[in-house]
Amino acid sequence: MYFKYLALGSLVILYILMFIGGYLESSGQGLACPQWPLCPSGFLPSAQYLTEWIHRLIAAITGVVIIATAVGSWKVAGSHKKIKITGTLAAIFATSQIALGAIVINTQLKATIVAIHNGIGILLFAMTLLTAIYAFRISRGAAIKTSA
Ligand code: HEM
């Protein structure tokens with residue numbers, strides 16, 4: 001039952017991403033890379049854009065892992081309505097958050113947009129946390145059934 005580790009992995013990588021986002025803002029590097037989707041250095045990182053480049057790379061990986069978790073939340077044996085809802089909402093929030101990242105840059109860090117970026121991040125974290133909790137409960141339930 002590897003699904004619970006996928007759900008836990010999505011929570012951990014999301015936490016790291018939000019931590020880096022906070023650092024990006026407080027260190028004033030939010031517009032270090034003024035372009036979207038790639039920085040002027042292209043796919044490769046450069047010292048000048050490093051924090052932003054890492055935030056974008058981890059955002060892309062997080063998006064993939066959260067979408068995979070959403071798919072798993074529908075397919076896992078013992079899946080229920082609640083995990084389907086939280087898993088799907090997490091995938092919706094993750095994709096909106098990535099699209100919003102482009103608007104954060106294109107509006108040159110407009111305060112309202114950055115606040116929405118932060119707000120959706122919190123909702124995304126809540127949904128990802130619930131999905132991980134449900135995944136562990138489903139796994140425990142399956143283990144109890146097998147041993148009974
Ligand atoms: C799942 C995806 C993402 C999550 C969860 C996320 C989360 C965050 C968080 C929590 C912050 C700190 C905001 C604050 O402290 O108010 C932040 C900042 C930021 N994010 Fe993201 N982010 C994501 C994707 C992206 C993408 C794809 C971009 C594309 C450029 C981006 C650009 C930025 C920028 C520029 C800042 C700094 C804003 C500033 O300096 O005011 N984010 N992000």
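Q: Which helix does Gly63 lie in?
A: Helices here are DSSP runs of H or I, at least four residues, and strands are runs of E, at least two, numbered from the N terminus. Gly63 lies in helix 2. Keep in mind that this is a predicted model: local features need pLDDT of at least 70, side-chain atom pairs count only at pLDDT 80 or more, and totals for chains, interfaces and linings use all residues. Residues are numbered from 1 along each chain as its sequence is written.

Q: Why is Gly63 called partly exposed?
A: You count the other C-beta atoms (placed from the backbone) within 10 Å of a residue's own: 20 or more is buried, 12 or fewer is exposed, and in between is partly exposed. Gly63 is partly exposed because 18 other C-beta atoms lie within 10 Å.

Q: Which residues is Gly63 in contact with, leaving aside its neighbours within four places in sequence?
A: A contact takes two C-beta atoms, placed from the backbone, within 7 Å. On that count, Gly63 is in contact with Ala94, Thr95 and Ile98.

Q: What do the buried residues of helix 3 pack against?
A: They pack against helix 2 (50–75) and helix 4 (111–147). Among the buried residues of helix 3 are Ile83, Ala90, Phe93, Ala94 and Val104. Take Ala90: not counting residues up to four places away in sequence, Ala90 touches Ile66, Thr69, Ala70, Leu124, Met127, Thr128 and Thr131.

Q: How many residues does the largest nonpolar core have?
A: A nonpolar core is a set of buried Ala, Val, Leu, Ile, Met, Phe, Trp, Tyr and Cys residues joined through C-beta atoms within 7 Å. The largest one here has 20 residues, and Ile66, Ala90, Ala94, Leu124 and Ala135 have the most contacts inside it. Helices 1, 2, 3 and 4 each give two or more residues to this core, and the largest share, six residues, comes from helix 4.

Q: Which residues are closest to the ligand?
A: A residue counts as near a molecule if its C-beta atom, placed from the backbone, lies within 6 Å of it. Here 25 residues surround the ligand, and the closest are Gly21, Gly30, Ala59, Gly101 and Asn118. Helix 1 (3–26), helix 2, helix 3 and helix 4 each give two or more residues to that shell.
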